[in-house]
Amino acid sequence: MPPWLAERLIHRYGDATETEIEALAGRAPLDLRVNSLKSSRDDVLGLLTDHGFAATKTPYSPLGLRLSDPVPLKSLPAFGKGLFEIQDEASQIAALLSGVAPRDQVLELCAGAGGKTLALGALMQNKGQIYALDTDKRRLQELKERADRARLTNLQIHRLTLGAEKRADQLYRFNGQMDLVVVDAPCSGSGTWRRNPELRWRLDEEFLAEAVALQRSLLLEAMMLAGPKGRIAYMTCSILGEENEDVIDYALSRNDQWELTDYHRKLGDVGLADLPETASHAPEMLQLTPARHGTDGFFLALLQRCPE
């Protein structure tokens with residue numbers, strides 16, 4: 001990888017750097033998330049086994065299945081019926097820890113094609129409302145198709161404009177109304193190098209700086225959208241501190257109405273008590289890595305408004 005990038009990883013992981021880099025150069029498994037609105041993990045596991053696929057349960061997510069080799073899953077009737085979605089275990093863990101609950105009012109910035117959206121909706125049992133927002137029309141259309149297949153009914157999809165003033169007008173009606181705001185921020189994708197090894201060579205310091213500026217802006221935006229008892233789940237598929245802990249520190253330093261929530265408090269409630277410790281230097285924030293957790297590199301921080 002480029003020397004400037006290696007230096008950042010050495011600074012972040014110290015003696016564990018070589019182990020982490022070796023894991024990032026390994027082969028990623030194929031993970032599935034069972035759609036709990038339509039099936040169970042045991043039933044989907046049985047269907048895959050009947051088709052001759054060697055699937056196992058993911059070690060941590062109670063909704064996940066794992067295949068060691070790529071297989072044509074989208075050709076299966078079970079996929080067409082929306083019984084499962086392809087989703088890395090890290091993203092499943094993040095959705096579980098977000099604290100989403102039935103009847104919540106949820107807004108997802110940067111919803112994209114909706115992998116997290118579908119997971120959140122299933123956890124909400126189709127109760128409450130999810131507002132999925134993005135600027136990409138094509139990806140939002142894909143989300144609509146996936147939501148129809150998954151039988152997700154508590155979803156509203158909104159396309160955001162790229163202009164700052166018009167965007168502010170679009171978001172205004174949500175200000176101070178949301179129980180949970182999910183920021184799945186655009187990032188370097190450094191946590192997905194197992195799947196996209198070329199990304200480490202495409203990444204440069206200018207792109208990283210632009211990504212960080214956007215991440216900061218999105219998190220500050222989320223703070224305005226959340227209600228009086230609102231919560232924020234900030235996440236990236238990055239292993240770089242600038243995009244993760246540093247963004248959280250930046251936002252908290254500029255808004256004293258918010259505080260960090262320790263993710264450990266939610267582990268037992270969502271069936272993740274056995275999850276290995278975070279690779280983050282900040283123990284309240286969750287940094288998943290291939291070496292430590294067997295997932296993609298993924299970051300999650302949970303914020304809540306300070307009590308009055």
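The largest nonpolar core of this predicted model holds 41 residues, and those with the most contacts inside it are Leu107, Leu109, Val181, Val183 and Ile232. A nonpolar core here is a set of buried Ala, Val, Leu, Ile, Met, Phe, Trp, Tyr and Cys residues joined through side-chain atoms within 4.5 Å, where buried means under 20% relative accessible area, exposed over 50% and partly exposed in between, with a 1.4 Å probe and protein chains only. Two or more residues of this core come from each of several elements, including helix 1 (3-13), strand 5 (105-109), strand 8 (178-184) and helix 10 (205-225), and the largest share, seven residues, is given by helix 10. Helices (H or I, at least four residues) and strands (E, at least two) are DSSP runs, numbered from the N terminus.

Leu109 shows what such packing looks like: leaving aside its neighbours within four places in sequence, Leu109 is in contact (heavy atoms within 4.5 Å) with residues that include Leu133, Leu160, Val181, Asp184, Leu218 and Leu225. A second, separate core has 36 residues, among them Leu97, Met124, Leu275 and Phe298.

Residues are numbered from 1 along each chain as its sequence is written. Because the model is predicted, local features need pLDDT of at least 70 and side-chain atom pairs count only at pLDDT 80 or more, while totals for chains, interfaces and linings use all residues, and side-chain values use heavy atoms, with hydrogens and water left out.

Two strands can be followed in more detail. In strand 6, six of the six residues are buried, so this strand is largely enclosed by the rest of the structure. Gln129, Tyr131 and Leu133 point one way from strand 6, whereas Ile130, Ala132 and Asp134 point the other way. In a regular strand the side chains alternate between the two faces of the sheet. Strand 6 runs parallel to strand 5, to which four bridges join it, and Ile130 is the bridge partner of Val106; two strands pair if DSSP finds at least two bridges between them.

Strand 1 is likewise mostly covered, with five of its five residues buried. Its pairing with strand 3 (residues 64-67) is antiparallel, over four bridges, and Gly64 is the partner of Arg33. Strand 1 also runs antiparallel to strand 4 (residues 84-86), joined by three bridges, and there Ile86 is the partner of Leu32.

The pockets are compared below. On a 1 Å grid over the protein atoms alone, a pocket is an open set of points where a 1.4 Å probe fits, with protein on both sides within 12 Å along at least five of seven lines, and lining residues have an atom within 4 Å of a point. Grid points are joined across faces, edges and corners, and a volume is the space filled by probe spheres set on the points. Ala, Val, Leu, Ile, Met, Phe, Trp, Tyr, Cys and Pro count as nonpolar, Asp, Glu, Lys and Arg as charged, and the others, Gly among them, as polar.

| Pocket | Volume | Lining by class |
|---|---|---|
| Largest pocket | about 1,100 Å³ | 16 nonpolar, 10 polar and 15 charged residues |
| Second largest pocket | about 200 Å³ | two nonpolar, three polar and four charged residues |

Of the 41 residues that line the largest pocket, the closest to its centre are Cys110, Lys116, Arg139, Asp184 and Cys237. The lining of the second largest pocket includes Arg8, His11, Arg12 and Leu240, and helix 1 gives the most to this lining, with three residues.
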